[in-house]
Amino acid sequence: MSLADRFAKVRADFPILRRRFHGKELVYLDSAATTLKPEPVVKRIADYYLLESANVHRGAYALSDEATRNFEEARADVASLIHASPEEIVFVRNTTEAVNLAAHSWAEKNLSPGDHILITELEHHANIVPWQILAEKKGLKVVAARILDNGQVDEADLFAKLKEPVKLLAITGCSNALGTFTDLSKIIPRAHAAGVKVLVDAAQLISQKPVNVRELDVDFLVFSGHKLFGPTGIGVFYARHELLKDMPPWQGGGSMIAEVTLEKTTFNEAPFRFEAGTPHIEGTVGLHAAIRYFQALDFDDVRAWEHALLKKATDGLRGIPGIILYGDVPDKGAILSFNLRGAHHSDVGQILDQQGVAVRAGHHCTQPLMKRLGVPGTVRASFSIYNNDADVEAFLKAVSKARELLT
Ligand code: PMP
C-alpha cells in the first residue's frame with residue numbers, strides 16, 4: 001500500500017474532518033495545539049463508561065479489579081512508549097501540571113536559595129511560569145539560554161550557562177511555536193557533567209520523534225495525552241526512579257497514603273504517592289488506546305508523510321511574495337510558523353478561517369520567544385497523520401487570498 005493510501009485510511013478514522021465550516025470542508029492545521037481523536041480512542045472511552053465504569057485501587061469486586069487492571073496496563077504501556085518502568089510514570093492532568101509537580105515536589109525539596117534554574121528562550125509558558133513562581137517563593141533565579149535567529153538553541157550560550165549555581169535545566173524537546181528541535185542527546189550529557197538535572201518538555205516531541213528516556217538518560221520528562229491523539233485532562237510525568245522514590249508528595253488526599261491517623265500520615269510508594277484522589281480513569285484508558293493507535297503506524301512512515309506535507313507547504317509559502325518564515329531549518333517537527341509582511345497575524349488567521357482552514361495565530365504561549373523574534377505573534381500551521389495534499393493546497397490558496405486582501 002502506498003503512503004498516500006495508508007494515510008487516507010488513517011484520515012477516515014477522524015470523522016470530524018467531514019465537518020464543514022463557512023461552507024468549506026474543515027482543513028485542520030492546528031495539531032500542535034491539540035490533535036484530533038480517532039474513533040477507536042473515543043470508542044474506548046465510551047466503553048469504559050458504558051461497560052466498565054468503576055473506581056480503581058479500592059473495590060472488593062471483579063468490576064473494580066478490571067478497572068484497576070486496565071488503569072495499570074495503561075501505565076505500563078505509557079512506560080514502554082518512552083522506555084521507562086511503570087513505577088516511574090505518574091498520571092497528571094497535562095504537561096503543565098507535570099512541570100508544576102516537578103517544581104513543587106522535587107525542586108522545592110532539593111533547591112536552595114541562590115540556586116538557578118536554566119531554561120531557554122524557546123520555552124512554552126508551562127515551562128517558564130512554574131519555575132518563576134517557585135523562584136519567587138524560594139529565592140531562586142530563572143535564567144534563559146539564548147536562541148539563534150533561526151529558532152535553534154544557541155548551544156554555546158547554553159553550555160556556557162551550565163555551571164554553578166544552576167541545579168536544573170528545563171528544556172523543550174521541540175518548540176511548539178516554530179517546530180525546531182533541541183539536540184537532547186548532546187545537551188543532557190553536558191548538563192549531567194556539570195551536575196545539573198534535566199527536565200524535558202516533550203509535549204510536542206512525543207508525536208514527532210521516538211522518545212527513549214534510558215538512551216537520553218533524562219531525569220524528568222513530561223507530556224500531554226491530547227497532543228498524541230488521546231483525551232484532554234490526562235498527562236504524564238516521568239521521573240527516574242531514584243529521584244521519584246525520594247520526592248515528597250505535593251497534593252494530599254485519598255490513594256496517596258499508607259496510613260492516616262488524626263495526628264499523622266505516612267505516604268504510599270511512588271508513583272501512587274503523587275496521584276491523590278480518584279484519577280482520570282477514562283483518560284488513562286483513552287490515552288492507552290491512543291498509544292496503541294499511534295504505535296500501529298510506523299514512526300518512519302509518520303515522519304515521511306508529515307514531512308512531505310511540511311515541505312510542500314513550506315515550498316509553496318516561499319513562492320508567495322511577502323512571506324516571512326520563522327524556525328526555517330531542515331530538520332524540524334511538522335510545524336510551520338510565518339507572517340505576511342504588512343499584515344497582522346490575527347487578520348491572516350481570520351481569512352484562513354473563512355476559507356475553512358484552521359490555524360493558530362498569536363504568541364502560542366511563548367511570549368518571550370515572540371519578543372526575541374521581534375514580532376507580536378505568528379501564524380502557525382501544524383501537520384499530522386490525518387492531513388493530506390489537498391489540505392496543503394487549500395492552505396496555500398487561502399494564504400494567497402489573505403495576501404490579496406491584506407497587502
Ligand atoms: N509545552 C509545549 C512545548 C507545548 O506545546 C504545550 C501545549 N501547547 C505545553 C507545554 C502545555 O501543554 P498543556 O496545555 O497540555 O499542559
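This is a predicted model: local features need pLDDT of at least 70, side-chain atom pairs count only at pLDDT 80 or more; totals for chains, interfaces and linings use all residues.
User: Hi! How do helix 2 and helix 3 pack, and at what angle?
Analyst: Hello! Helix 2 covers residues 39-52 and helix 3 covers residues 62-81. They pack at an angle of about 160°, and their axes are 11 Å apart.

User: So is that roughly parallel or roughly antiparallel?
Analyst: Helix 2 is roughly antiparallel to helix 3, because angles over 145 degrees count that way.

User: And is the crossing left-handed or right-handed?
Analyst: Left-handed, as helix 2 passes helix 3.

User: Which residues make the contact?
Analyst: From helix 2 there are Arg44, Leu51 and Glu52. Helix 3 brings Leu63, Glu66, Ala67 and Asn70.

User: How many of those are nonpolar, polar or charged?
Analyst: The contact of helix 2 with helix 3 has three nonpolar residues, three charged ones and one polar one.

User: Switching topic: how many disulfides are there?
Analyst: The count is zero.

User: What is a disulfide, by the way?
Analyst: It's a covalent bond between the sulfur atoms of two cysteines.

User: Okay, so where is the nearest cysteine sulfur to that of Cys174?
Analyst: That would be the sulfur of Cys365, 15 Å away. Cys174 is in no disulfide, because the sulfur atoms of such a pair have to be within 2.5 Å. Cys365 is in no disulfide either, with the sulfur of Cys174 as its nearest.

User: Is Cys174 buried or exposed?
Analyst: Cys174 counts as buried, with 1% relative accessibility.

User: What about Cys365?
Analyst: Cys365 has 30% relative accessibility, so this cysteine counts as partly exposed.

Conventions
Residues are numbered from 1 along each chain as its sequence is written. Side-chain values use heavy atoms; hydrogens and water are left out. Axes are lines fitted to C-alpha atoms, for helices over the stretch in contact, and angles run from 0 to 180 degrees between N-to-C directions. Helices (H or I, at least four residues) and strands (E, at least two) are DSSP runs, numbered from the N terminus. Angles under 35 degrees count as roughly parallel, over 145 as roughly antiparallel, 65 to 115 as roughly perpendicular and the rest as oblique. A crossing is left-handed if the near helix is turned anticlockwise from the far one by less than a right angle, and right-handed if clockwise. Contact means heavy atoms within 4.5 Å. Ala, Val, Leu, Ile, Met, Phe, Trp, Tyr, Cys and Pro count as nonpolar, Asp, Glu, Lys and Arg as charged, and the others, Gly among them, as polar. Buried means under 20% relative accessible area, exposed over 50%, partly exposed in between (1.4 Å probe, protein chains only).
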